[in-house]
Amino acid sequence: MMNLVTLSRRSSPGVKQPLSLACLFAACLLAACSSGTLEPDPEPQQNVACGDLQTGLEGGVVPPTLSATGLFQDIRARTLAPNVRKFEPAFTLWSDNAEKTRYVQIPDGCPIETSDMDHWVLPVGARLWKDFVVDGKLLETRFIARYGTRPKDFILAAYAWREDGSDADYVQYGVVNAQGSTHNIPAAKSCTSCHNYLPERALGFSALQLNHDGAGVTLKTLVAEGRLSTAVPALKVPGDAVASKALGYLHANCGNCHNPQGIEFNNPFTLQLSVTDTSVEDTGTWKTGVRVPVEKFVTPGVTMRISPGNPEGSCIVHRMTIRGTTEQMPPIASKIADDDGLSAIQAWVKTLQ
């Protein structure tokens with residue numbers, strides 16, 4: 001390395017002058033950067049099926065167009081590719097009234113590792129998509145794909161549809177007010193805000209979320225086809241109709257960040273359900289929310305995360321009403337409060353004693 005004390009520059013023949021202090025600082029910074037070490041990649045997960053499968057997405061290279069992701073056999077005719085099927089979660093994520101359609105493709109012979117029924121491990125080659133339709137117009141499709149066996153070997157991408165509907169293009173930096181609508185397409189970095197806390201990355205495709213008798217791929221479908229690595233226990237969101245609706249809503253809309261692996265608090269705060277919950281009192285929502293003082297938020301009259309019988313004094317209810325400030329919940333991807341969701345949470349809090 002250069003000796004920074006004696007380093008000099010030549011301004012005229014035979015005359016040496018010391019480098020400026022700014023240059024010395026710059027040289028030090030460069031030296032420091034060059035000697036730093038990168039964080040090593042996580043080790044491959046041993047329980048990921050079909051680790052040697054060639055997906056065409058090796059290295060995490062994002063396909064430039066939606067038609068290149070494998071969703072469609074014929075994109076203009078909207079004909080789905082073989083083995084691509086629709087699914088619907090039991091509890092949906094609020095997206096400002098956007099209509100959404102979800103698709104999944106699991107490679108044949110590549111089971112989902114389900115020894116932890118709360119956190120499925122998708123096989124290499126698994127792909128999921130979600131369309132967003134606003135005011136009758138298809139604006140965006142999001143794409144998640146597992147391309148390797150390391151924990152972060154997932155592509156998270158958003159595609160903006162062309163106005164003629166011929167295809168959709170990958171938009172790394174997002175789109176504000178897509179096609180003149182109020183819908184914003186997130187930048188690639190924003191996807192990690194919700195999808196990086198939980199190891200499964202793909203949210204809404206899980207045991208609890210697929211445990212219903214609706215259309216598309218369900219838990220029963222996957223069991224019948226032998227696509228799960230373990231037997232499935234009896235599953236049910238605990239509580240009566242009012243409680244289960246509220247707990248399911250919080251699970252889908254808040255539990256992605258508020259969970260044991262998520263946002264840190266002095267007093268843990270989780271709104272994520274578990275397949276082992278058999279009563280309302282078993283849930284993280286009850287244990288870490290009910291009668292627990294608020295953190296990171298100060299508003300007169302709002303002192304508890306969940307104040308029994310008092311929706312107006314409950315932080316989770318209050319922050320659901322806010323939009324346009326840093327205090328809103330969810331903090332991103334919503335400009336309109338969810339009145340139906342808010343009513344469900346308010347109704348449940350009123351029943352608590």
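Predicted model: local features only at pLDDT ≥ 70, side-chain atom pairs only at ≥ 80, totals over all residues.
Local features need pLDDT of at least 70, side-chain atom pairs count only at pLDDT 80 or more, and totals for chains, interfaces and linings use all residues. Residues are numbered from 1 along each chain as its sequence is written, and side-chain values use heavy atoms, leaving out hydrogens and water.

**View 1. The buried residues of helix H2 (residues 188-195).** Ala188, Cys191 and His195 are the buried residues here, where buried means under 20% relative accessible area with a 1.4 Å probe and protein chains only. Helices (H or I, at least four residues) and strands (E, at least two) are DSSP runs, numbered from the N terminus. Seen down the axis of H2, the buried residues fall within an arc of 35°, so they line one face of the helix; the arc is that of the directions from the helix axis to the C-beta atoms. Their packing partners are strands E8 (137-146), E9 (154-161) and E10 (168-170), with contact meaning heavy atoms within 4.5 Å.

**View 2. Threonine 65, in the loop between helix H1 (21-35) and strand E3 (72-74).** Threonine 65 counts as buried because its relative accessibility is 17%. Its side chain makes a polar contact with the side chain of serine 67 at 3.0 Å (a pair of N or O atoms within 3.5 Å, one able to donate a hydrogen and the other to accept it; residues adjacent in sequence count only if both atoms are side-chain atoms). Beyond neighbours within four places in sequence, threonine 65 is in contact with Tyr159, Arg162, Asp167, Ala168 and Asp169.

**View 3. Leucine 235, in the loop between helix H3 (219-224) and helix H4 (241-253).** At 14% relative accessibility, leucine 235 is also buried. Leaving out residues up to four places away in sequence, leucine 235 touches Ala207, Asn211, Leu219 and Val275.

**View 4. The largest cavity, holding about 40 Å³ of space.** On a 1 Å grid over the protein atoms alone, a cavity is a set of points where a 1.4 Å probe fits but cannot get out, and lining residues have an atom within 4 Å of a point. The lining consists of Asn83, Arg85, Val104, Gln105, Ile106, Val217 and Leu222.

**View 5. The second largest pocket, with a volume of about 270 Å³.** A pocket is an open set with protein on both sides within 12 Å along at least five of seven lines. Of its 15 lining residues, His258, Phe265, Phe269, Arg319 and Met329 lie nearest the centre.

Conventions. Buried < 20%, exposed > 50% of the residue type's maximum accessible area, 1.4 Å probe, protein only. Points joined across faces, edges and corners; volume = space filled by probe spheres on them.
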